[in-house]
Amino acid sequence: MLMVAPALLHASLWIGLPVLAAVVLAFTKYDVLTAPQFVGLDNFRDMLDDAVFRKSIVNTVVYTFFTVPFGMLLGLLLAMALHTGLKARGIFRTAVFLPQVTATVAIALVWLWIYNPGNGLFNALLSFIGIDGPAWLSSTSWAMPSVILVGIWQGIGMKMLIYLAALQSLPRELYEAASVDGASKVRQFFSITLPLLKPATFFVLITSMISAFQSFDQIYILTDGGPANSTTMMTYEIYKSAFREFRVGYACAQSLVLFVLLMGFTLVNRRIMGGTRGHS
Amino acid sequence: MELNRRSLLAAIGAGTAAALTGCGTGTGTSAAGSADGPAEGEITLLTPIYEGAKGKKLLEGDILGGFRKKYPDVKVNVDYTTYDQLNEKITTGLAGGLLPDVLMMGVGWIPPFAAKGAIAELPEKLAETHDYEKRVLEPSRHDGKLYALPVVLDTRIVVYRKDHFAEAGIRKTPANWSELRAVAKQLTTKGRVGFDPFSINLRQCWETFLFANGGQLFSADGKKPLFTDARGVESLQFFKDLVADGSADYSRKTDTGAPSNVQTGQGSMMMTTSALWVQVKEQNPELIEQDKLGAFVLANRRPAMLQGGTLVSQSASSKHPAAARALVEWLATPESILGAAQQRGSVPGLRDLSDTPYVKENQFVDLSLKNLQHAVSEGGTAAWMEIREKIVPTLEPAIVGDQSAKDAIAELGRLAEAAIGRM
Amino acid sequence: MATVDTRKPVAPSTAKPRERGGRRPVSPGRIALYITLSVISLLMVVPFVWMVITSLKSPVEIASQDAGLLPSSWQFSNYVDAFEAAPFATYARNSFIIAISHTVLNVLVASMAGYALARIRFRGSEVIFYLFIAALMIPTYTKVLPEFLIVRFMPLAGGNDILGQGGSGWLDTWWALIIPGAVTPFAVFLFRQFYLDLPVELEEAARLDGLGEFRIYARIMTPQVKPALTTVALLTFESSWNNFLWPLLVTRTDSLRVIQVGLSVFKTENGTQWHFLMAGTTLATLPMVLLFLIGQRYFVQGFATAGLK
């Protein structure tokens, strides 16, 4: 118990307290310039009228739905491949991890150039095979897929790393025993690796989902939520309410909605995965 | 366990108290003390400009060097931030009751801050100190009173390719929208777009068109949106017409910092800011050497040049109001603003400076200074911070989607009224 | 104290050294794997290659429509000029101090918490675990204002009295830069998941030897999760190095600013100096890449020593 105490104290002060403040503020009107004023459920009522925020919820769910499973699958496959005694695996790992280590802001700016319809790399490559590429980020139908691609690209590194670390801790003896029994590699994967990776998978799933729900930097740099709100996301709307519109109370109410949604998804996932304690 | 639970609760309790008192003190910014006393003490300046080592040298060496000589008892600490994070800086500062003594911020922020008493009123005589064009001081005012002084301006103008105009035999720049539309259509050849209004922020672009169309954003008291009339709708409709003509294309807009369409020759005219000159000079110096770029002020019922920029104001809660006031005045002197404008390619908003080499050399700045009487600015309501964020999300669907201009403007009007109602 | 019900049928034994792929004849499957991995790696690094190439071009060439992929003349001077645009040496030192502090604190504190949540059964452990997950769900922009207020009203610091009034608290100090972000629920969660999978026999043997709980954690269990330690260390260092908003908010003096603030100089309202921005970002990324190259070597080690001492 004492061993949790430092982390718990730290989290209580630096996260618990702010959350408490946010919950209280969600029921107030607070513009930073004048003291918070209790307004009951007004913020939540305003939210019902806020078409852009509704749109942002849909966008967030869509974004998460596409980035998380694809990213996880790719991350796992890459980790499996790079867990073997391949030559130059260090280089491959670094290449995959690279997007994770660079500040999003700078690298999102590079993506702006890649997506540039006129002389961007993407359309240059497409024109090579005779396709006239669209204006990726300013088209209401292509902007979201473009943002999703960046999201997957950026998230694979961390997912791979965690799977890689988890694979490292698997007991070799199980595989040796299975090989002796004549189980095929595929069978070994499904009957040994996958079940043993369950704690790691649960971790990757939950954290990727949370970070997908909170993606902000890509949107901020790539699209500003546009065109016509086709890529705006919840965190982006929360940021706008709090720091551009000075509606801190409303932003806190929006955060509560985000929190409840995430909590819901987490509990559902936990149900599906049947607990988090490994293969018990 | 027991111990821990208790300490957890204690921690939450103590912290909440702190946070709530925090909110309390942050808001108790009473009227500033009189600024009549001697200028002394240690003050803080928050600035989103004077970036990097060069900016620091300019500000702390050149500009504040003179200030220190004049006011040896004032010590200025500079807090550099970025424009992108300026709001976060100000929000947290306000909430924590630690607003810097002198703040630099954008056009349109003055009324909300003045209305809430966060920034101090400045004596009217400061409006006369320099040769200000009356319009230039508009964004510095709230309820007719002066709250800020302009440091640098950035204007929204139309930049065009002289060579494209010559090629098409067009002799003069369009003086109203029907000419603009016709010229844009004529120039739309060889895969070029005739006119690119979309590569600057749609909010600022639409506002420029609204003002050029003789429209207004809000009533004088800032309580009623006025852009919902026919003038407002026509301004948005004009973009749709251009798109329908094929002479403007939303999907060909370029991002800030990337080479623009007039630079690459893929567009013949574009809405842009006066700061484009610096970018062209760096990226396409040949266009300037060969005199291929021209600029004009957008006009329909009247000429209108949207004015943005950075203003300097004084916190209402400054402990050293005299020192803060002195710094505000100092940062707005012709010498100070010329340096700041030069560093970032902005317009120094004083006619006195129109003969300086910097202004003569930078044609976009020169044009802007000559047209300051046509300067218009956004804002004008205490609810502006909220409304300004609604403009792009509400108007964009009319351009990239099927929504009609009328519906989009009506929706924006509804949102603006709701925001004003919340004030 | 009972442990959790992780079961591992096989007792750990000393692992054999890994076989090296290159020692046996190369099979077609292996070649296909190499090709696939090369293609994926290439896709992953394209933006970086572009970044490095851009950092070596002149602004004219960057903007040019028909310039080749590679610079026509390599502008290595961009790096020198970018370096002079802001006090990067100071910024990098600050970032490094913050990142190192965060990494050390996070690995220590979070691994203890993760261990306790995974291996020690106590009342409320499940609740605490979910609280940590819940803590992850609050967006930065919701927390940042209250966190700022806590820093500003920190009692008895920076001239504040016991009620946190009067001064400026931790603002503009190393405390504000280091303490609030020192321990992440993310790391606690990750450690818990890794400790979960360890075989219960290890722990029981140690307990029979009379080792206390803390020693079991420090001596027996933690060496088994070296890959997790490396992962947390790498991720903490990286996110701390790239942090921007918080250091900007809680400091006023230039000498406490961090490297990402320095990079923001190149992207202003009035334009972007691409060549400098890309040069600066390349330089800022380099230490992270080196760190990863070094750090990942511990993965194999973690495996090789995955047995009892």
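Analyst: Let's start with residues 274-294 of chain C, a span that is 100% helix and 0% strand, with its end C-alpha atoms 30 Å apart. Helices here are DSSP runs of H or I of at least four residues, strands are E runs of at least two, and both are numbered from the N terminus. The model is a predicted one, so local features need a pLDDT of at least 70 and side-chain atom pairs count only at pLDDT 80 or more, while totals for chains, interfaces and linings use all residues. Residues are numbered from 1 along each chain as its sequence is written, while chains are lettered from A and ligands numbered from 1 in the order in which they are written.

How far can you trust chain C? Its mean pLDDT (the predictor's confidence in each residue, from 0 to 100) is 83, and 88% of its residues reach 70 or more. Residues 1-22 of chain C fall below 50, and that stretch has 50 contacts in the model beyond near neighbours in sequence. The pLDDT is also below 50 over residues 301-309 of chain C, where the corresponding number of contacts is 18. For the complex, the predictor gives an ipTM of 0.89 and a pTM of 0.89.

Now for the partners. Chain A and chain C meet through 82 residues of chain A and 84 residues of chain C, where a contact means C-beta atoms, placed from the backbone, within 7 Å. On the chain A side, α1(A) has the largest share, 13 residues. That side holds 60 nonpolar, 17 polar and 5 charged residues; Asp, Glu, Lys and Arg count as charged, Ala, Val, Leu, Ile, Met, Phe, Trp, Tyr, Cys and Pro as nonpolar, and the others, Gly among them, as polar.

Chain A also touches chain B, with 35 residues from chain A and 37 residues from chain B. Here α1 (5-25) and α12 (234-244) of chain A each supply at least two residues of the chain A side, and α1(A) gives the most, with 9 residues. By class, this side of chain A divides into 20 nonpolar, 11 polar and 4 charged residues.

Chain B has a mean pLDDT of 89, with 92% of its residues at 70 or more. An automatic or database assignment divides chain B into domain 1 (31-153 + 308-369) and domain 2 (155-307 + 380-422). Taken over C-alpha atoms, the centres of these two domains of chain B are 28 Å apart. Their contact takes 20 residues from domain 1 of chain B and 19 residues from domain 2 of chain B. On the domain 1 side, α16(B) provides the largest share, 5 residues.

Methods. Two residues are in contact if their C-beta atoms, placed from the backbone, lie within 7 Å.
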